Amino acid sequence: MIDQLRNIGLSDLEARCYLALHEEPKISGYEVAKKVSVSRSNVYAALRSLTDKGMCRAVEAEPVLYDAVPIEQLVRLLKTDFEQTSRTLLEQLQSPPRTSASFYNWQGDKALETTIRRLVSNADTSIVADIWAEDAGWFEEALLEAERRGVAVTVISIGECHTRLQHVLVHRRSDEWKHIDSRRFSILCDSRSALIGSFGKSVKLSALETDHPSVIELLQNGFYHDVIMEQIEQDFGNELAEKYGRHYDKIINPYRELLE
């Protein structure tokens with residue numbers, strides 16, 4: 001809960017003080033300090049800040065008592081403030097026209113998580129995510145929220161994926177995939193913006209964001225290939241395995257040296 005309160009602009013100590021007041025209303029700053037095990041001077045400073053932000057209330061008494069503003073009222077206030085600020089920004093800060101496609105590089109856990117959430121939350125109609133099963137946690141909550149908004153979400157999962165998402169196509173893994181050092185991923189939103197990157201111990205966590213038409217087309221074609229092969233394998237899986245090998249090795253092996 002501390003992290004959620006920090007996300008709405010509270011410091012760590014302010015969040016702890018708010019929770020203490022939420023659990024036991026109308027207590028003194030001294031009692032709050034005992035609950036959070038922090039010096040009274042720091043707690044009183046945090047309580048003043050919470051009061052200035054409209055998140056707690058002071059009761060004139062001897063000593064002064066503090067009470068948390070009910071979370072329902074606080075959330076509604078924050079929503080109203082955010083909506084008003086959003087309207088002002090959208091009215092006064094118009095994005096300049098784009099003259100060419102762009103490439104942006106993101107590195108690190110926090111930057112990647114924020115970029116995923118931003119792209120997914122701005123999708124209007126469709127999202128295609130191509131990910132390894134073990135990396136689904138990076139994307140699942142944002143994609144579930146997109147589904148709730150009515151966006152058509154399709155996940156191509158490398159390996160069996162246990163998820164609450166509705167539309168998941170699973171690719172079998174061959175034994176050779178166990179030795180792969182990096183696990184690629186991609187997200188295509190509304191066929192206009194894309195994020196491509198890799199997870200893995202041997203590679204630095206990074207991703208490339210782009211709206212370049214060639215990259216968009218490559219991801220679209222990859223998705224069409226996956227969908228077609230999924231249906232063909234459902235209909236003719238045994239015949240294909242017998243003729244070309246379980247993982248199409250008879251077709252692929254002559255070309256492996258060219259790509260390795």
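Lys26 sits in the loop between H2 and E1. Helices (H or I, at least four residues) and strands (E, at least two) are DSSP runs, numbered from the N terminus. Lys26 has a positive phi of about 55 degrees although it is not a glycine. At 52% relative accessibility, Lys26 counts as exposed. Here exposed means over 50% relative accessible area, buried under 20%, and partly exposed in between (1.4 Å probe, protein chains only).

This is a predicted model, in which local features need pLDDT of at least 70, side-chain atom pairs count only at pLDDT 80 or more, and totals for chains, interfaces and linings use all residues. Residues are numbered from 1 along each chain as its sequence is written, and side-chain values use heavy atoms, with hydrogens and water left out.

**Backbone exceptions**

Most residues other than glycine have a negative phi, and most peptide bonds are trans. Ser37 has a positive phi although it is not a glycine. It lies in the loop between helix H3 (29-36) and H4. Ser37 is exposed, with a relative accessible area of 66%. The table sets out the positive phi values.

| Residue | Phi | Location |
|---|---|---|
| Lys26 | about 55 degrees | loop between H2 and E1 |
| Ser37 | about 55 degrees | loop between H3 and H4 |
| Gly150 | near 95 degrees | follows H7 |
| Asp190 | near 55 degrees | hairpin of E8 and E9 |

The peptide bond from Glu62 to Pro63 is cis, with omega near 0 degrees. Pro63 belongs to the loop between E2 and E3.

An open sheet of 3 strands runs in the order E1-E3-E2, with antiparallel pairing. Its edge strands are E1 (27-28) and E2 (56-59), each pairing on one side only. Two strands pair if DSSP finds at least two bridges between them. E1 and E3 (residues 65-68) are antiparallel and share 2 bridges. Ser28 has Leu65 of E3 as its bridge partner.

H2 lies across E1, E2 and E3, at about 90 degrees to E3. Axes are lines fitted to C-alpha atoms, for helices over the stretch in contact, and angles run from 0 to 180 degrees between N-to-C directions. The axes of H2 (residues 12-23) and H4 (residues 40-52) come within 9 Å and cross at roughly 80 degrees. That makes H2 roughly perpendicular to H4. Angles of 65 to 115 degrees count as roughly perpendicular, under 35 as roughly parallel, over 145 as roughly antiparallel, and the rest as oblique.

Contact means heavy atoms within 4.5 Å. Leu13, Glu14, Cys17, Tyr18 and Leu21 of H2 meet residues of H4 that include Val43, Ala46, Leu47 and Leu50.

**The seven-stranded sheet**

A second topic is the sheet of 7 strands, open and mixed in pairing, in the order E4-E10-E9-E8-E5-E6-E7. E4 (103-107) and E7 (168-171) are the edge strands, each pairing on one side only. The twist averages 15 degrees from one strand to the next.

E5 and E6 (residues 152-158) run parallel, joined by 7 bridges. Trp132 stands opposite Ile158 in E6. Helix H6 (residues 109-121) packs on the sheet and touches E4, E5, E8, E9 and E10 (206-210). The direction of H6 makes about 150 degrees with that of E9.

On its other pairing, E5 runs antiparallel to E8, with 4 bridges. Val128 has Leu188 in E8 as its bridge partner. E8 and E9 (residues 193-199) are antiparallel too, joined by 7 bridges. Arg184 has Ser198 in E9 as its bridge partner. The hairpin of E8 and E9 has 3 residues between the strands. In E8 (residues 183-189), 5 of the 7 residues are buried, so the strand is largely enclosed by the rest of the structure.

**Asp135 and H7**

Asp135 is in the loop between E5 (126-132) and H7 (140-148). It is buried, with a relative accessible area of 3%. The side chains of Asp135 and Arg183 make a polar contact of 2.8 Å. A polar contact is a pair of N or O atoms within 3.5 Å; within protein, one must be able to donate a hydrogen and the other to accept it, and residues adjacent in sequence count only if both atoms are side-chain atoms. Not counting residues up to four places away in sequence, Asp135 touches Arg183 and Phe199.

The buried residues of H7 are Glu140, Ala142, Leu143, Leu144, Ala146 and Glu147. Their cover includes H6, E5 and E6.
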